[in-house]
Amino acid sequence: MWVVCDSNPGTPGKANEDWLSGGSDLLVVLDGATARTDTGCIHGVSWFVEQLGSAIREFAADRGCTLERSLTMAIERVAGRHPQCDLSHPGSPSAAVGIVRTGEALEYLVLGDVTLAIVDADQISIVTDQRVSATARAARDQADRYPIGAPEKQAALLQMKAGELAAKNKDGGYWIATSEPSGVEHALTGTVPVIGVREVAVLTDGAARIVDLFAAADWTGVLNTLRGGDGPAALIRLTRELEDSDPVGERWPRNKKSDDASVVYARFEDAPGT
């Protein structure tokens, strides 16, 4: 595979809570969940995703280890690295995860609202789990009534976060990578014959919002942008331009003006037409 990546923090000068890695046969993307409350952890979301992503990359490099097992062992390793923290705290750092591994077949794992796009000769297939957006619905709707930065919005976002945390890794809620691996069995997984696959893209929701929130492009348009000379950087730049055009969320109500945005784009060099 030919691989190109880009990641950009939502707020300049603030730590990026996404993490990515792109190699010739392994792609990993993590999107750390925004912490709006105490977490019980002395580290932070950026530390968590860096530790977890690095561990996933190490374990998934072993083709004898399934992606589910790789993620499970990575979660257990990171938990062992900060036993002084309250890992049972509801707000303990967590992250959505996307993993793609290629060889004789293309294997994938998606846990949470990371988006995976797989392009073959006939179609673009999208894999993502948006169940987190269905939690705390009343608080989300309330927050959307106020401009970004308003005290009333902040209060509603705290209520929303409380509802999210109450539904995290529970039946009827949503599933994400935390400090214990119970959510891994709920990941969306699959295997695709690698013959015929032309391209793969993995995006955090801060980049996928150009489709999901702004409706400024469809997935065909996203892939066309990623094929261009600036690739993921161009897609993130277009997303930032849309965010800047609506700084308080009047046209597109949302939790914050800009989110961390990350994209890994891979093209199979021996696919027809590449």
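**Figure 1. Asp18 sits in strand E2 (residues 18–22) of this predicted model.** Strands (E, at least two residues) and helices (H or I, at least four residues) are DSSP runs, numbered from the N terminus. Asp18 counts as buried, at 6% relative accessibility. Buried means under 20% relative accessible area, exposed over 50%, and partly exposed in between, with a 1.4 Å probe and protein chains only. Two polar contacts of the Asp18 side chain are shown: one of 3.1 Å to the side chain of Thr204, and one of 2.9 Å to the side chain of Ser262. A polar contact is a pair of N or O atoms within 3.5 Å; within protein, one must be able to donate a hydrogen and the other to accept it, and residues adjacent in sequence count only if both atoms are side-chain atoms. Not counting residues up to four places away in sequence, Asp18 touches Ser7, Leu30, Asp31, Gly32, Val49, Thr204, Asp260, Ala261 and Ser262. Contact means heavy atoms within 4.5 Å. Asp18 and Val29 are 11 residues apart in sequence and 7.5 Å apart in space, C-alpha to C-alpha.

Two notes apply to every panel. Residues are numbered from 1 along each chain as its sequence is written, and side-chain values use heavy atoms, with hydrogens and water left out. In this predicted model, local features need pLDDT of at least 70 and side-chain atom pairs count only at pLDDT 80 or more, while totals for chains, interfaces and linings use all residues.

**Figure 2. Gly206 is a buried residue of helix H5.** Its relative accessibility is 0%. Gly206 touches Thr239, Asp259, Asp260 and Ala261, with residues up to four places away in sequence not counted. Thr239 is 33 residues from Gly206 in sequence, and their C-alpha atoms are 8.3 Å apart.

**Figure 3. Thr115 belongs to strand E6 (residues 115–119).** Thr115 is buried, with a relative accessible area of 1%. Its side chain makes a polar contact of 3.4 Å with the side chain of Thr128. Thr128 is also one of the residues that Thr115 touches, beyond four places in sequence. Among the others are Ile126, Val127, Gln130, Ala201, Val202, Leu203, Ala208, Asp212 and Trp219.

**Figure 4. Strand E5 (residues 105–111) is largely enclosed by the rest of the structure, because five of its seven residues are buried.** E5 pairs with strand E4 (residues 95–102) in the antiparallel sense, over six bridges. Two strands pair if DSSP finds at least two bridges between them. E4 and E5 form a hairpin, with two residues between them. Val100 has Tyr108 of E5 as its bridge partner. E5 also pairs with strand E8 (residues 188–193), again antiparallel and over six bridges. Here, Val110 is bridged to Leu188 of E8. In a regular strand the side chains alternate between the two faces of the sheet.

**Figure 5. Ala136 and Ala215 each have a positive phi.** Most residues other than glycine have a negative phi. Phi of Ala136 is near 45°. Ala136 is found in the loop between strand E7 (124–127) and H3. Phi of Ala215 is about 50°. Ala215 lies in the loop between H5 and helix H6 (219–227). Ala215 counts as exposed, at 62% relative accessibility.

**Figure 6. The largest pocket holds about 970 Å³ of space.** A pocket is an open set of points on a 1 Å grid over the protein atoms alone, where a 1.4 Å probe fits, with protein on both sides within 12 Å along at least five of seven lines. Lining residues have an atom within 4 Å of a point. Grid points are joined across faces, edges and corners, and a volume is the space filled by probe spheres set on the points. The largest pocket is lined by 43 residues; Asp113, Ser133, Arg140, Asp205 and Asn255 lie nearest its centre. Strand E3 (26–32), helix H3 (137–144), helix H4 (151–167) and helix H5 (205–212) each give two or more residues to this lining. The lining residues divide into 13 nonpolar, 11 polar and 19 charged. Ala, Val, Leu, Ile, Met, Phe, Trp, Tyr, Cys and Pro count as nonpolar, Asp, Glu, Lys and Arg as charged, and the others, Gly among them, as polar.

**Figure 7. The second largest pocket has a volume of about 250 Å³.** It is lined by 18 residues, and the closest to its centre are Thr11, Lys14, Thr34, Lys256 and Ser258. Four lining residues are nonpolar, seven polar and seven charged.
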